[in-house]
Every structure is written in C-alpha cells, then in structure tokens.
Amino acid sequence: MNDRMDLSELKSILDNRRVSAGESVLGLHSHDESFHAASLPDVVVWPRTTEEVSLVIQWAGRHRVPVTAWGAGTSLEGNPIPVRGGIVIDFSEMNQIIAVRAEDFQADVQAGVIYKELNRALACEGLFFPPDPGAAATIGGMIGNNASGIRSVRYGATKDYVMRLTAVLPGGDVIRTGSRARKSSSGYNLPAFFTGSEGTLCIVTEATLKLAGLPANFMAVRATFPTILGATTTVHHIMRSGLAPAAMEFLDANVVHALNQDRGLTLEENPTLLMEFSGFSEQGLREEMTFVEEICRGNGSLAIDKGIGSEERARLWEIRHQTYESIKRCHTGLSPLIMDVAVPLSRYSEMVAFSKNEVRDLKAYLFGHAGDGNLHVHVMDDPQDRKRWMRVEEASRNIVAKALEFEGTCTGEHGVGIGKIRFMNQEHGESLILMKRIKGLLDPDHLFNPGKLF
Ligand SMILES: Cc1cc2nc3c(=O)[nH]c(=O)nc-3n(C[C@H](O)[C@H](O)[C@H](O)COP(=O)(O)OP(=O)(O)OC[C@H]3O[C@@H](n4cnc5c(N)ncnc54)[C@H](O)[C@@H]3O)c2cc1C
C-alpha cells in the first residue's frame with residue numbers, strides 16, 4: 001500500500017467494516033470478465049448513501065487518489081479495472097429500490113440495485129426495466145456502460161431509460177440532473193450525456209428510471225438456415241416488414257455446437273435466429289407468426305420451432321443466456337476476446353460475412369443482437385501466447401476497421417474500457433478532442449477511472 005493511503009480517515013467517514021485493504025477483497029476488485037490484466041486497488045469501500053460517496057471522493061481529491069466505481073464487475077472490456085490503483089467504490093450496499101411510481105412508469109433506485117432484482121420487484125406491478133444484458137449487472141454499471149442487450153431492438157438502450165440522476169462529481173460536489181417529465185427540451189441532456197461515460201466524469205448514486213408495461217403475450221421463434229446469408233437477410237426482411245420484434249438474435253453454427261456440447265442439447269447446428277414478439281392478443285401473435293414463417297421460408301429456412309406463451313419464451317432465452325458460459329466451458333484455460341461492432345442494418349450481412357472470413361483460422365463464435373446491427377465475435381485463445389494473440393488482435397482490428405468503413409462503431413454496448421481505446425481516434429476524429437476537453441474540465445486531476453476511454 002502506498003503512503004498516500006492512511007486508511008484511518010476513510011474509516012472515520014464510513015466504518016471499519018466498510019473499508020478494506022484485505023488481500024482477497026482487493027483481488028476480487030482487480031478484474032472484470034475480460035482477458036485484460038488484473039490490477040489491484042489499494043482499498044475498497046462500501047458506502048450506503050450519496051453523502052458517504054461524496055465524503056470518500058472529497059478525501060480522494062485531497063490525497064490525489066484515483067477513484068473507480070464498481071457495480072458487479074461483469075464488464076467485458078476492462079471498464080472497472082482500477083489500472084492506477086486507488087479506491088474502488090463498491091455499490092453493493094447501495095442496493096435499495098427507493099420508490100416505484102407505477103402510475104408514472106418510474107422507479108427511483110440506488111446505483112447498486114441489480115437490474116434483474118428490480119425486474120422481479122416490478123413484475124407484480126405489470127412493469128419492467130427493458131435493457132437486458134443478461135449478466136447480474138447493476139443499474140450503476142449499466143449506466144456506466146450504456147448497456148443494452150437482447151431487447152434493445154424494440155426498447156432501446158439504458159440511456160433511453162435514465163430520466164434523472166444523482167451523481168457525485170470529482171471534488172465531491174453532488175448534482176441532481178434531469179426530471180420526472182417524460183420529455184424535456186430544457187438545456188443539455190446531462191443524464192444521457194453521463195450515460196456511457198464509464199465512471200470517468202461522475203459517479204452515479206441514484207437514478208430515476210423510466211419503465212415499460214409488461215406485454216400480455218409472447219411468441220418465441222427459433223429458425224435455422226442453410227447459410228449465414230439466409231439468416232442475416234431474414235433479419236433485414238423482418239425489420240423492413242413492419243413487424244416489431246422484441247428481440248432478434250443471430251447465432252452461427254459454432255455457437256449452436258458449443259451449446260449442444262456443453263449443455264447436452266440436440267439443436268440443429270446451422271446458422272440460427274432467435275426471435276421474440278410480444279403483443280396483446282394470442283390471435284394477433286398467431287397472425288404475425290404466419291408472416292414471420294413466410295419470411296423465414298422465403299430465405300430458405302430449414303426448420304422453425306415456435307410457440308406462444310411465457311414458457312416458450314423462457315425456453316428460447318434459456319439457450320441464449322448461456323452462450324457466453326457455454327463457449328467458455330468448451331475452452332477451459334483460454335481467455336475470451338469479444339468484439340462488439342455495430343453497423344447500419346443494411347450492412348449487417350456483409351459485416352457478418354467479413355467477420356466470419358476474418359476469423360476462419362481462430363476458435364471463433366459469431367452471435368449478437370442482429371436486429372440492432374450488433375455483432376459479437378467471441379474468440380477464445382491464450383493471451384500469453386504472443387504469436388496467437390497478435391493474430392486475434394489483428395482480426396479484431398480488421399473487423400473494427402470494416403465496421404467503421406460501414407459508418408458503424410467499435411462498440412455497440414460493452415463500452416470502451418481498456419480494449420477499445422485504440423479505436424477511439426479512428427472512430428471519433430476531431431470530436432475525440434472535445435471529449436478530452438470535457439473530461440479535463442470536469443476531472444482536471446484525472447482521478448475518476450483513469451486509463452479508460454482515452
Ligand atoms: C455473460 C455476459 C453477457 C453480457 N451481455 C451483455 C449484453 O448483452 N449487453 C450489454 O450491454 N452488456 C453485456 N455484458 C456486459 C456487462 O454485463 C454490462 O456492461 C453491464 O452494464 C456491467 O454492469 P456491472 O454492474 O457489472 O458494472 P461494472 O462492470 O462493475 O462497471 C461498468 C462500468 O461502469 C462504471 N460504474 C459502475 N458503477 C457506477 C456508478 N455507480 N456510477 C458511475 N459509473 C459506474 C465502472 O467504473 C465501469 O466503468 C455481458 C457480460 C457478461 C459477463
């Protein structure tokens with residue numbers, strides 16, 4: 001521990017139990033779910049209120065100590081790794097749902113609430129918070145990364161649900177920004193601006209979230225295709241048809257193979273689309289199903305497995321939500337590099353075909369939120385084997401370059417963290433300079449999550 005870290009003052013702000021420099025605690029807060037190298041913080045704290053967060057940040061400012069916010073550590077790009085040490089603020093004790101205002105479709109929550117727990121609590125009100133990254137993410141971490149997931153094609157990303165934030169700025173000032181109105185033209189939209197800033201500009205302590213009504217009925221469809229092009233063309237046709245899928249996921253044959261191997265399933269190992277539609281009446285969904293089937297068959301679909309109701313829906317997503325773990329378990333000892341490009345829908349088929357070819361010699365799995373034009377290329381390899389890992393990184397560079405050529409982005413939802421820093425200049429050009437100036441204005445000592453984004 002370095003000498004700027006006399007913890008007694010911190011212990012007087014919180015208490016002994018909520019300040020720790022224990023080896024295992026530091027270890028747990030040194031890495032996320034990515035392959036990026038672990039880096040130990042000097043100390044971890046667990047505040048319970050905005051005021052405590054502010055006092056900790058004031059302390060950090062006085063001692064010039066870096067501060068990194070920590071939700072659940074499920075990021076995939078090294079986003080919460082404290083690369084310069086310092087304090088990690090763990091939000092697991094700020095996990096209160098403060099208020100649910102069902103009549104306004106809103107909830108006030110502390111930043112450490114796990115979104116799945118929020119959704120469990122909201123179900124009895126017939127409401128839900130739609131962004132759905134699958135992992136056990138916190139609201140603070142989802143705001144940090146502007147997370148989205150399988151339902152974004154219909155409902156949008158986290159930024160579309162953040163109405164109001166309470167946040168602590170570098171130096172310790174507390175701001176409350178945004179309102180409870182469903183629309184506003186009043187000044188800069190700071191809640192949206194802070195969403196996706198990965199804890200580099202402010203630390204969120206509370207949020208007012210917009211909620212959506214739970215649909216009454218669901219239809220789940222799994223369609224397989226002889227070629228990747230058949231599947232990706234179907235994505236485009238369905239999106240153009242006026243149908244409004246609540247989810248539209250693509251899996252290549254390698255992903256289906258990994259799921260079969262790991263989970264003892266017997267799914268056809270072909271390019272596959274998983275789709276969910278929701279609506280008011282079963283009759284309406286049956287009509288949509290006929291239309292969806294027609295489009296799939298028109299693109300050569302080999303088999304269509306479909307059903308109506310919550311159980312069918314759960315059966316579909318049971319498969320998809322295990323993808324990451326199944327791929328990992330098929331390659332024990334190797335690490336994942338997960339690319340996360342997103343492109344305009346008209347270029348999705350080309351993007352997938354290009355990526356497939358680019359990783360043909362690697363242990364690679366292609367899947368993603370196809371309805372958003374978002375593609376994950378998940379490669380398993382050994383970062384210690386320099387030659388092999390350089391090949392993985394080369395593929396990643398080429399795939400991002402192609403996505404940018406298509407006027408897309410290097411990251412649709414995982415954030416920049418450490419892994420995407422090298423693409424920021426290429427993607428943002430001049431506006432990266434403005435981003436750096438904003439960072440310098442808000443955090444002149446670069447204490448908030450240093451070493452990320454830039
Ligand atoms: C199996 C798996 C599947 C995934 N699928 C998806 C997916 O489909 N879509 C998707 O978007 N993501 C996905 N992710 C990535 C990840 O779950 C999300 O990025 C999630 O938002 C991270 O939340 P967290 O609570 O774990 O945050 P952390 O990883 O702890 O932190 C994320 C970032 O936010 C910052 N942060 C944390 N709390 C705060 C706060 N209170 N105030 C300000 N900044 C804060 C951190 O410093 C860090 O920069 C997946 C991850 C896994 C492991």
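Predicted model: local features only at pLDDT ≥ 70, side-chain atom pairs only at ≥ 80, totals over all residues.

Author: Residues are numbered from 1 along each chain as its sequence is written, and side-chain values use heavy atoms, with hydrogens and water left out.

Reader: Into which domains is the chain divided?

Author: The bounds come from an automatic or database domain assignment. The division gives domain 1 (7-90), domain 2 (97-213), domain 3 (217-324) and domain 4 (331-426).

Reader: What is the area buried between domain 1 and domain 2?

Author: Contact, meaning heavy atoms within 4.5 Å, joins 14 residues of domain 1 to 17 residues of domain 2. Buried area is the accessible area (1.4 Å probe) that two parts lose on being put together, summed over both. Carbon and sulfur atoms give 62% of the area between these domains, and the total is about 1100 Å².

Reader: Which residues of domain 1 lose the most area to domain 2?

Author: Together they account for 40% of what the domain 1 side buries. They are T50, I57 and N79.

Reader: How many residue pairs are in polar contact across the interface of domain 1 and domain 2?

Author: A salt bridge is a side-chain nitrogen of Lys or Arg within 4 Å of a carboxyl oxygen of Asp or Glu, and the count between these two domains is zero. A polar contact is a pair of N or O atoms within 3.5 Å; within protein, one must be able to donate a hydrogen and the other to accept it, and residues adjacent in sequence count only if both atoms are side-chain atoms. With both residues at pLDDT 80 or more, the number of such pairs is six.

Reader: Which element gives the most to the side of domain 1 that touches domain 2?

Author: Helices (H or I, at least four residues) and strands (E, at least two) are DSSP runs, numbered from the N terminus. Strand 3 (67-70) and helix 3 (50-63) each supply at least two residues of this side. The most, five residues, come from helix 3.

Reader: Why is one side of strand 1 and of strand 3 left without a neighbour in the sheet?

Author: Strands pair if DSSP finds at least two bridges between them, and the open sheet of four strands has the order 1-2-4-3 with mixed pairing. Strand 1 (19-20) and strand 3 stand at the edges, so each has a single partner strand.

Reader: Which residue forms a salt bridge with R62?

Author: R62 lies in helix 3 and its partner in helix 1 (residues 7-13), 53 residues apart. The closest N and O atoms are 3.2 Å apart, and the partner is E9.
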